[in-house]
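Please open the model in your viewer and keep the selection panel at hand. The tour begins at the ligand and then visits single residues, one stop at a time.

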Amino acid sequence: MISISERIHNIQQQIASTARSSQTVQILAVSKGQTREAILQAYAAGIRDFGESYLQEALPKIASLATLPLTWHFLGPIQSNKTKAIAAHFSWVHSVSRLQIAERLNQQRPLTLPPLNICIQINLDGEATKSGIQPTEALALAQSIQQLPHLKLRGLMCIPQKISATTKQYDIFLQLYYLQQQLNQQLELSLDTLSMGMSDDFTIALQAGSTLIRLGQAIFGQRPS
Ligand SMILES: *Cc1c(COP(=O)(O)O)cnc(C)c1O
């Protein structure tokens, strides 16, 4: 069986052969459903950023690994009653799609910690999925989040539906790339993070300008159910 460190090595080679030389690419290991032991193996292979989607599952893992220099990213849907713990235990939140949630994260971010890094989740599938805001709503939300002192707006995130046609998938990722360029120009921002691409489509996302790929099964193998 292929090990976690071999998988990470293979991914790094794929990144090197796909990304442009000027493109910085960060690997986020999505550790939902994975054991502490699997996380330690990824850590030993050099991974420092880990992503979780379910708060209840994440909190005990984060606590049990607190002595290691890990950066935790929250990726899942956010209910209002979860914002306090998310603001206290994570460094990044990729799934912000409502101002009310951003305002709560801002209020609840402990002052002893640096600002919470934020990506706005964009829905590129139109009516087909409910998560994320429409691209046309991004400018207003970005402008409002910019005003919140304990948040640092870093970029955009998407989870597009799986499409088998590679060119179509590329076009969808490219929409997020252009939306980020547009926000940077119109709001004079310097958003530097495009959180797009998962295990099945990260090379396509990289071609479209992704700077952060969120990999679960490509690193850890099939998720235990
Ligand atoms: C689970 C998850 C991933 C990782 O999915 P894989 O297909 O295992 O790479 C990435 N992003 C989000 C938001 C997820 O929920």
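Select the shell around the ligand and colour it by residue class: the shell divides into 6 nonpolar, 4 polar and 3 charged residues, where Ala, Val, Leu, Ile, Met, Phe, Trp, Tyr, Cys and Pro count as nonpolar, Asp, Glu, Lys and Arg as charged, and the others, Gly among them, as polar. This is a predicted model, in which local features need pLDDT of at least 70 and side-chain atom pairs count only at pLDDT 80 or more, while totals for chains, interfaces and linings use all residues. Residues are numbered from 1 along each chain as its sequence is written, and side-chain values use heavy atoms, with hydrogens and water left out.

Which of the 13 residues around the ligand come nearest? They are Lys32, Ser199, Gly216, Gln217 and Arg223, a residue being near a molecule if one of its heavy atoms lies within 4 Å of it.

Now show the polar contacts, that is, pairs of N or O atoms within 3.5 Å; within protein, one atom must be able to donate a hydrogen and the other to accept it, and residues adjacent in sequence count only if both atoms are side-chain atoms. At Ser199, an N or O atom of the side chain is 2.5 Å from an oxygen atom of the ligand. At Gly216, a polar backbone atom is 2.9 Å from a ligand oxygen, and at Arg223 an N or O atom of the side chain is 2.9 Å from a ligand oxygen. Taken alone, the ligand exposes 390 Å², of which the protein buries 91%; these areas come from the Shrake-Rupley method with a 1.4 Å probe, and for residues only the protein chains shown count as cover.

Is His73 buried or exposed? His73 counts as buried because its relative accessible area is 0%, buried meaning under 20%, exposed over 50% and partly exposed in between, with a 1.4 Å probe and protein chains only. A distance drawn between the C-alpha atoms of His73 and Ile86, 13 residues apart in sequence, reads 9.3 Å.

Move on to Leu75, in the loop between strand E3 (71-74) and helix H4 (83-89). Leu75 is buried because its relative accessibility is 9%, and its C-alpha atom is 8.6 Å from that of Trp92, 17 residues apart along the chain.

Next select Ser5, which has its place in helix H1 (residues 4-18) and is partly exposed because its relative accessible area is 41%.

From Ile145 to Thr129, 16 residues apart along the chain, the C-alpha separation is 23 Å.

Finish at Glu188, in the loop between helix H7 (166-186) and strand E7 (193-195). Glu188 has a positive phi of about 50° although it is not a glycine, and it counts as exposed because its relative accessibility is 73%.

Definitions and conventions. Helix = DSSP H or I, 4+ residues; strand = E, 2+ residues; numbered from the N terminus.
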